[in-house]
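Me: I am new to this structure. Please take a close look at its salt bridges and tell me what surrounds them.

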Amino acid sequence: MGFGIGDLFWIFLLLTSLQPLWQKRQIEYRRLRALQEFQQERKSRVILLIHRQESISFLGIPISRYITIEDSEQILRAIRLTPPDVPIDLILHTPGGLVLATEQIARALIRHQAKVTVFVPHYAMSGGTMLALASDEIIMDANAVLGPVDPQLGNYPAASILKVIEDKPISEIDDQTLIMADLSRKAIGQVQRFVRTLLKDSIPKQKVLPENIESIIEALTTGRVTHDYPITIEEATEMGLPVTVGLPHSIYDLMDLYPQAQGGRPSVQYIPMPYNDPRPILPIPKGRPLEEPNQMT
């Protein structure tokens with residue numbers, strides 16, 4: 001019994017619909033295998049907190065990811081299931097997120113008895129920086145950055161709302177702004193107390209010198225720079241934070257398994273091999289002009 005054109009069409013449609021599921025299973029398997037290899041190498045519990053811009057599968061609308069309550073529930077469970085004498089390695093790639101979720105994770109990290117190491121391959125901003133402060137060691141790529149942890153109320157920095165109160169007579173300020181200013185003052189105080197708790201917890205392990213604590217709090221929480229200001233390794237070291245440069249290559253391999261969602265053609269391309277690799281480059285098809293190197297547009 002042969003297949004007709006209609007049958008072949010439906011078989012093709014079925015295989016096409018199953019392909020994304022198969023690819024998803026493959027990438028999940030590769031992620032688990034890479035995690036297992038890294039854990040065996042480090043003899044630790046490895047936890048990934050990676051937030052990329054993702055796409056809704058049907059509409060293709062990009063959405064931003066950040067630290068949520070769901071993240072804190074999963075990470076708290078992972079920490080709870082980790083024996084007290086087993087180190088924890090937390091790989092961070094995040095723009096930050098909810099204060100409640102961040103503080104829950106940070107408190108669990110400082111309560112863990114064994115060493116906690118945070119790896120930052122690219123950036124750990126805002127709440128990500130707060131999680132880094134909860135660790136015993138921060139290891140970063142040479143070009144990675146941290147960020148301020150000053151609280152934000154809606155679309156406005158708490159420090160900027162307080163600046164309005166300082167610069168204008170109270171008779172010219174509406175009630176809503178006064179209420180926001182009161183909340184801003186409380187929010188800044190709460191964040192400062194929590195960061196102080198994180199930094200003081202590190203003193204017995206000689207992570208942060210006691211005389212540097214207040215200056216670090218001042219730099220990170222008072223809004224003297226914008227909330228997206230990148231704190232480089234040099235600036236973090238100057239503050240007195242215990243930052244080490246040099247990530248294991250396996251972390252970059254792990255990051256490759258969590259790619260940015262693509263919307264059309266890729267915006268960055270390169271040949272994934274050393275620049276001076278002796279292997280020949282694939283020939284350019286006939287009729288296709290050779291682009292001039294070192295040209296920028």
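Reply: Arg196 has a relative accessible area of 23%, and is therefore partly exposed; that label covers the range between buried (under 20%) and exposed (over 50%), found with a 1.4 Å probe on protein chains only. The model is predicted, so local features need a pLDDT of at least 70 and side-chain atom pairs one of 80 or more, while totals for chains, interfaces and linings use all residues. Residues are numbered from 1 along each chain as its sequence is written, and side-chain values use heavy atoms, without hydrogens or water.

The partner of Arg196 is Glu214, and the closest N and O atoms of this salt bridge are 3.0 Å apart. A salt bridge here is a side-chain nitrogen of Lys or Arg within 4 Å of a carboxyl oxygen of Asp or Glu. The pair joins distant parts of the chain, since Glu214 belongs to helix 7 (residues 213–221) and Arg196 to helix 6, 18 residues apart.

Lys186 is partly exposed at 47% relative accessibility, and Asp182 is partly exposed at 33%.

Five salt bridges are counted by this rule. Another one of them joins Asp89 and Arg42, with 2.8 Å between the closest N and O atoms. This pair, too, links distant parts of the chain: Asp89 sits in strand 4 (residues 88–93) and Arg42 in helix 1 (residues 5–42), 47 residues apart. Asp89 has a relative accessible area of 1% and is buried, whereas Arg42 is partly exposed at 32%.

Asp89 has a further side-chain partner. The side chain of Ser44 makes a polar contact with the side chain of Asp89, at 2.6 Å. Such a contact is a pair of N or O atoms within 3.5 Å; within protein, one must be able to donate a hydrogen and the other to accept it, and residues adjacent in sequence count only if both atoms are side-chain atoms. Ser44 lies in the loop between helix 1 and strand 1 (45–50) and is buried, at 7% relative accessibility. Beyond its neighbours within four places in sequence, Ser44 is in contact (heavy atoms within 4.5 Å) with Gln39, Val86, Pro87 and Asp89.

How confident is the model? The protein chain has a mean pLDDT of 81, and 73% of its residues reach 70 or more; pLDDT is the predictor's confidence in each residue, from 0 to 100. Confidence is highest in strand 8 (residues 145–146), at a mean of 97, and lowest in strand 2 (residues 54–55), at 44. Over residues 54–63 pLDDT stays under 50, and the model has 14 contacts beyond four places in sequence for this stretch. Over residues 284–297 pLDDT also stays under 50, and there the model has one contact beyond four places in sequence.

Definitions and conventions:
Helices (H or I, at least four residues) and strands (E, at least two) are DSSP runs, numbered from the N terminus.
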